[in-house]
Amino acid sequence: MSDAFARIVAEKGLRVPSVVARFHAADTGRYRGSAKVEGGNLVARLIARFAGFPPPGLTVDFEITTRPEGEGHLWSRRFGRSTTSSYLRYDNGRHRAVESFGPIRIEMGLRMQGEGLAVDVLRTCFMGIPLPVWLTPRSVSSEFETSQGDFGFDISASLPGVGLLVRYQGSFEVPMPR
């Protein structure tokens, strides 16, 4: 069972790099690499820590584990000793990816931007209640193939009035299927 991103890529006929397609087509996976983590001001760092993201650091060990659960996939991201988990599923009615971090639900769309896959935040809900635009996190996020052929990521989230919450960039190898 592929994940929500793979379903959107297929529906839209997006031509993503092969390493991105392999990552999202895998039913279960554990991938290791490294990531550079950046943070914002004190308030932003507190919000990011509450969500399980690590403090800013030059380079930390990174691991992402995905496994199917219910109608979607459980994603666990480990940055050094900090871990954050989310649940990613596909919304059949809206044709969107929906990622839940506890009581926060983020609806996302995908599009190609250059040679990478760009992820757009379309709507955010807290405890099922849609947030107004001025409380909706902004994201500039992409997945791409690195010059070494690895899965590259550049994920950021900011909040209006607060600024950058977290940005993490890095890469990991996605082996060819056997």
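Biologist: How many aromatic pairs does the structure hold?

Modeller: The structure, a predicted model, holds 14 aromatic pairs; rings of Phe, Tyr and Trp (its six-membered ring) pair if their centres lie within 6.5 Å, and planes under 30 degrees apart count as stacked, over 60 as edge-to-face and the rest as tilted. In this predicted model, local features need pLDDT of at least 70 and side-chain atom pairs count only at pLDDT 80 or more, whereas totals for chains, interfaces and linings use all residues. Residues are numbered from 1 along each chain as its sequence is written, and side-chain values use heavy atoms, with hydrogens and water left out.

Biologist: What makes the pair of Phe23 and Tyr31 edge-to-face?

Modeller: The planes of Phe23 and Tyr31 stand 65° apart, with 5.3 Å centre to centre, so the angle is over 60 and the pair counts as edge-to-face.

Biologist: Why is the pair of Tyr31 and Phe172 called stacked?

Modeller: Tyr31 and Phe172 have 25° between their planes and 5.4 Å centre to centre; the angle is under 30 degrees, so the pair counts as stacked. Tyr31 belongs to strand 1 (residues 29-39) and Phe172 to strand 12 (residues 163-172), so the pair ties together parts 141 residues apart in sequence. Strands (E, at least two residues) and helices (H or I, at least four) are DSSP runs, numbered from the N terminus.

Biologist: Why is Phe23 called buried?

Modeller: The relative accessibility of Phe23 is 4%, and buried means under 20% relative accessible area, exposed over 50%, partly exposed in between (1.4 Å probe, protein chains only). Tyr31, at 7%, therefore counts as buried.

Biologist: Why does Val121 count as partly exposed?

Modeller: Val121 has a relative accessible area of 26%, so the value falls between the limits for buried and exposed. Val121 lies in strand 7 (residues 116-126).

Biologist: Which residues are in contact with Val121, leaving aside its neighbours within four places in sequence?

Modeller: They are Ile106, Glu107, Thr136, Pro137 and Ser139, where contact means heavy atoms within 4.5 Å.

Biologist: What caps the N-terminal end of helix 3 (residues 42-50)?

Modeller: Asn41 does, with a side-chain oxygen 3.1 Å from the backbone nitrogen of Val43. After helix 3 comes Gly52, whose phi is positive, near 95°.

Biologist: Which residues link into a cluster through ring pairs?

Modeller: The cluster consists of Phe5, Phe23, Tyr31, Phe62, Trp75, Phe79, Phe151, Phe153, Tyr168 and Phe172.

Conventions
A polar contact is a pair of N or O atoms within 3.5 Å; within protein, one must be able to donate a hydrogen and the other to accept it, and residues adjacent in sequence count only if both atoms are side-chain atoms.
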